[in-house]
Amino acid sequence: MGFLGFTLLFVCVLQVAYAQPATAPEEVAALNKVIDHWNLRDKLNMITDPCAPNASWAPENANPRVACDCNGNSCHITHLKIYALDISGEIPGELFVLKQLMDLNLGQNVLNGSIPPDVGQLTNMQYLSLGINNLTGPVPPELGNLSKLISLSFSSNNFFGQLPKELGNLTSLQQLYIDSSGVSGPIPQEFAKLKSLQILWASDNMLSGKLPEFFGTLTELKDLRLQGTSLEGPIPSSFAALNKLEDLRIGDLNGEDSSLDFLEVQTRLSILILRNCGVAGQIPEQLRTFTLLEHLDLSFNKLTGRIPTSFQNLASLQFLYLGNNNLSGDLPADLIGPKLIVLDVSFNPISGNLPQSFAKAGLSVNVLETSINTESLQDSKASGVLKCLQGNTKCTDIILQSSFSIKCGGSAQKSASGIEFDGDSEDVGAASFYTSPDDQWAVSNTGNFISNPNGPQYIAKTDSQITGTLNSELYKTARISASSLRYYGLGLKNGRYNVELHFAEIAMDDSYSWRGLGRRLFDIYIQGERVLQDLNIRKEAGGSKRALIKRFEANVTNSAMDIHFFWAGKGTCCIPFQSTYGPLVSAIHVSQVSDSTGASKRNKKRIGRIVGITAGCVAGAVVISSLVYLWWTKEAAPKHMRMLLSVKEGQ
C-alpha cells in the first residue's frame with residue numbers, strides 16, 4: 001500500500017508538472033545566450049524553466065528579474081530587468097527574439113555600441129529604459145515602431161545626430177527622458193503628436209532652433225526640463241495653456257528676450273525655474289495665486305521694476321532667487337513668508353532696509369551688490385565688506401595686499417612651495433555671503449541642490465589620495481555650487497595679477513562602472529570676463545582625483561577681484577546620485593605680477609637705450625676715423641711713391 005501511495009503521488013506530480021505551460025524554447029535559448037553574453041550566470045543561473053512558478057527571479061524587487069505571462073500551453077518572457085549591475089559590451093541580437101517583452105530595464109550599466117535597429121521588433125514594449133550607459137551612434141528611428149510605449153529613457157549616453165521624427169509616432173508615451181544623451185539639432189515638429197506626454201527631460205543636449213510653439217499643445221505636461229541647451233527664446237505664449245505643470249525648468253536660452261506673461265493658470269507649480277533665459281519685463285502679480293510654489297528661481301535675467309509685495313501670500317515658498325536682474329525700489333518689508341528659508345536678491349539696484357524678519361532662524365539671505373542698508377546685519381564686518389563691494393565705500397579702506405590664497409571648503413594649509421592657504425570651511429549655504437577674518441577675501445554662493453539624497457551640502461570631501469601633485473591634501477576638499485559661486489579678493493593693490501585655480505574631481509567616480517559616467521561642466525569668469533566655457537575637470541586632468549591647475553592673468557583697477565564659477569545647465573544631473581553637478585573648486589591662489597619684473601623690463605629698456613647711444617657714438621667715431629684715414633692716405637701717397645722711386649734709382 002505504501003508503494004502504491006508513492007506511485008500515485010509521483011503520477012500526480014507529473015500531471016501538475018505537465019499542466020504547467022513551458023516557456024517557448026526559442027525564448028529559453030535566447031535568454032541563456034543573453035545571460036552568457038553579459039556574464040550573468042552567477043546571478044541568474046537558470047537550471048529550471050525561466051517561467052517556473054515562484055521562481056526567485058520573478059518578484060518585482062528581484063534584480064536581475066525575469067517575469068513571464070503564461071496563457072494556454074506556453075509562457076512568454078515579458079519582463080527583463082538587469083539594472084545597475086555594470087554589465088558591459090554591446091546589446092546582443094538574441095535579445096530581440098524575446099518579442100513579447102513589455103518591460104525592459106537595462107539602465108545604469110556600461111553598455112556600449114549602438115541600439116540595434118531590431119529594437120523596432122519589440123512592438124509589445126511599454127517600458128524601455130536604456131539610460132545611464134555608454135551607448136553611441138544615432139538614436140534609431142525604429143523606436144518609433146513601439147507604439148505601445150508608455151515610458152522611454154535613453155538619457156546619459158553618447159548618442160549623436162538629431163532626434164528621429166519617428167518618435168512622434170509614440171502617441172501613448174507619457175514619459176520621455178533624453179537629458180544628457182548627446183542628441184542635437186531642432187526638436188522635430190512631429191513631437192506635437194505626443195499628446196499624452198506628462199514628463200519630458202531634455203536638458204544638457206545640443207538641441208537648437210526656437211523653443212517649439214507646439215509645446216503649448218502638450219497639455220498633459222506636468223514636468224518639463226530644458227536647461228543647458230542651444231535652444232532660442234522667447235518662451236512661447238502658448239505655454240499659458242499648460243495648466244497641469246508641477247515642475248518647469250527652462251534655462252540658458254539664446255536669442256530673443258522672453259516675458260512672464262504666459263504664467264497665468266499654472267497654479268499647480270511647485271518648482272518654477274526660468275534661469276538665464278533673457279526674461280525681461282516685470283514680475284507679474286498673478287504669481288500670488290501660485291500657492292503651491294516652493295521653489296522660484298528667476299535669476300540671471302533682465303527683470304525690471306519692483307519685487308511684488310504679494311510674495312508674502314506664497315505660504316509654501318521656501319526658496320526665492322531673484323539675483324542678477326535689474327530690479328529696483330525698496331525691498332518689501334513683508335517679503336519673507338512663513339516657510340521662506342532662502343532669499344537671494346543680489347546684483348540688483350534694490351534699496352531700502354532688510355525686512356525685520358530676515359534674522360529668523362534658518363533663513364539664508366544674500367544682498368551682495370545691492371543698495372540695501374546692511375547696518376542691521378549681525379556681522380558688522382560683513383556689512384562693511386558689502387558696502388565696499390557695493391561701491392558705498394572704497395575697498396582701499398581695507399589694508400592693501402598684493403595676494404590672497406584660499407583652501408576652498410577646508411582648513412588652512414601650507415603648500416609644498418610654502419604658500420599659506422587660508423581655511424574656508426564656513427557653512428555657506430543656498431544664499432550666503434562670508435568674509436574672511438582678516439578681510440582679505442570673501443565668498444558668495446547662490447543655488448540649492450534639489451532632491452539631493454545627502455541633504456543640503458556645499459562642500460565635497462574625499463579621503464583618497466590626489467595624484468598629479470605634491471599637495472594632495474589641498475585637493476581633498478572643495479566648494480561646490482548648484483548655480484553661482486563667487487570669490488572676491490579685497491583690498492588689492494591695483495595692477496596685473498596671476499590667478500591660479502586648483503581643481504580635482506572628487507565627487508564623481510573614475511571606475512569602470514555606471515558611477516563613472518557622470519560629466520561636470522561649468523564656466524569661469526574673472527573680473528566679469530568669461531575665461532573658460534564648459535570646463536570638464538576630469539577630462540582635462542585625465543581622470544578623477546587628479547589635480548588640475550588653470551592659470552590666468554587679470555587686472556585689478558578698483559582694489560577688488562571677482563572670480564565667478566557659473567553653472568550654465570550643462571553636464572549630467574544624477575551620477576552617481578541625484579544633484580551631482582555644478583561648479584567645484586579646490587583652491588585659489590592670486591598674486592600680483594612682481595614689481596621687480598616690471599623694473600627689470602624698464603632697466604632692460606634703459607640699458608638698451610644706453611647701448612644704442614654708445615653704439616651710435618662708436619659708429620660715428622669709426623666713420624670720422626675712416627674719413628681722416630682716407631684724407632691722410634691721399635696726401636701721403638705721392639710722397640711715399642717718390643721715396644720708393646729714389647731708392648730704385650740709387651740701385
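User: What share of the contacts in the protein with a separation of 6 or more comes from residues 24 or more positions apart?

Analyst: This is a predicted model, and in it the protein has five helices and 43 strands. Among contacts with a separation of 6 or more, the share that comes from residues 24 or more positions apart is 56%.

User: Which element gives the most residues to the largest nonpolar core?

Analyst: The largest nonpolar core has 104 residues, and those with the most contacts inside it are Leu128, Phe215, Leu274 and Phe311. Two or more residues each come from helix H2 (25-37), S3, strand S15 (223-226), S17 and strand S19 (271-275). The element that gives the most, with four residues, is H2.

User: Which leucines does Leu128 touch, leaving aside residues up to four places away in sequence?

Analyst: Leu128 is one of the residues with the most contacts inside the largest nonpolar core. With residues up to four places away in sequence left out, Leu128 touches Val119, Ser151 and Ser153, and it also touches the leucines Leu104, Leu143, Leu146, Leu149 and Leu152.

User: How far from Lys81 is the nearest side chain of opposite charge?

Analyst: Lys81, which is found in strand S3 (residues 74-81), is buried yet has no salt bridge. A polar atom of the Lys81 side chain does lie 3.2 Å from the backbone oxygen of Glu60, and Lys81 touches Glu60 as well as others including Asn61, Arg65 and Asn105. A salt bridge needs a side-chain nitrogen of Lys or Arg within 4 Å of a carboxyl oxygen of Asp or Glu, whereas the nearest side chain of opposite charge to Lys81, that of Glu60, is away by 7.9 Å.

User: Why does Ala241 count as partly exposed?

Analyst: Ala241 lies in the loop between strand S16 (230-233) and strand S17 (247-251), and it touches Gly216 and Thr219 when residues up to four places away in sequence are not counted. Buried means under 20% relative accessible area and exposed means over 50%. Ala241 counts as partly exposed because its relative accessibility is 37%.

Key
Residues numbered from 1 in each chain as written. Predicted model: local features only at pLDDT ≥ 70, side-chain atom pairs only at ≥ 80, totals over all residues. Heavy atoms only, no water. Buried < 20%, exposed > 50% of the residue type's maximum accessible area, 1.4 Å probe, protein only. Lys, Arg positive; Asp, Glu negative; His and termini not counted. Polar contact = N/O pair within 3.5 Å; in protein donor to acceptor, adjacent residues only side chain to side chain. Contact = heavy atoms within 4.5 Å. Core = buried A, V, L, I, M, F, W, Y, C linked by side-chain atoms within 4.5 Å.
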